[in-house]
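I opened this one to see how the chain is put together and what its surface looks like. Here are my notes, in the order I looked things up.

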Amino acid sequence: MNKKDSLLFWWTLYLNAAAWIILGIFSVIRFEPDYVLVVGVCLSLGIANIIGFTKCCKVSRNAFSLLPDAKKQIQSFASQTIASHFSSTIHSAFGVV
C-alpha cells in the first residue's frame, strides 16, 4: 500500500469516530436518547475497527520483518518433503525396503 492510501485509510477511521462523537454530543444536548443509543453503537463499532486495524498493522510489520527467515524455512520444508516423497517412490518402485 502506498503512503497516500495509508494516510487516507487511517484518517478516515479516526474522522469517522470523531464524527460520531460530535453527533453524540449534539444528541445529548438535544436530549434525544434514541439517537444517543445509535451513536453509542456506531462509536463502539468504529473504535473496535480502530483497535483491530491497529493490532493487525503491528502484527503485519512484525511478520514482514521475519519474512526472509520464514521464506527459507518454507523452502527447506518443501525440499525435504519432495525429497522424502521421491525417495519413498523410488523405494516402492524397486522393492527396496
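What follows goes from the whole chain down to a single side chain.

**Overall.** I'm working with a predicted model here. Read along the sequence, that gives α-α-α.

**Burial and surface.** I then asked what share of the chain is buried. Buried residues account for 8% of the 97 residues. For the accessible surface I got about 8,300 Å², with 73% of that belonging to carbon and sulfur atoms.

**Helix H1.** H1 runs over residues 3-29, which makes 27 residues. I checked its span from first C-alpha to last: 39 Å, close to the 39 Å expected at 1.5 Å a residue. Next I looked for its buried positions and found Leu 13, Ala 17, Gly 24 and Ser 27.

**Nonpolar patch.** Which residues form a nonpolar patch on the surface? I noted Ile 21, Ile 22, Leu 23, Ile 25, Phe 26 and Ile 29, together holding about 590 Å² of accessible area.

**Phe 26.** I picked one patch member, Phe 26, to look at on its own. Phe 26 sits in helix H1. Is it buried, exposed or partly exposed? Phe 26 counts as partly exposed because its relative accessibility is 48%, and the exposed class starts over 50%.

Key
Residues numbered from 1 in each chain as written. Predicted model: local features only at pLDDT ≥ 70, side-chain atom pairs only at ≥ 80, totals over all residues. Heavy atoms only, no water. Helix = DSSP H or I, 4+ residues; strand = E, 2+ residues; numbered from the N terminus. Expected span 1.5 Å × (residues − 1). Buried < 20%, exposed > 50% of the residue type's maximum accessible area, 1.4 Å probe, protein only. Areas by Shrake-Rupley, 256 points an atom, 1.4 Å probe, with all protein chains shown as cover. Patch = residues over 30% accessible without salt bridge, like charges linked within 9 Å, V, L, I, M, F, W, Y side chains within 5 Å. Salt bridge = Lys/Arg side-chain N within 4 Å of Asp/Glu carboxyl O.
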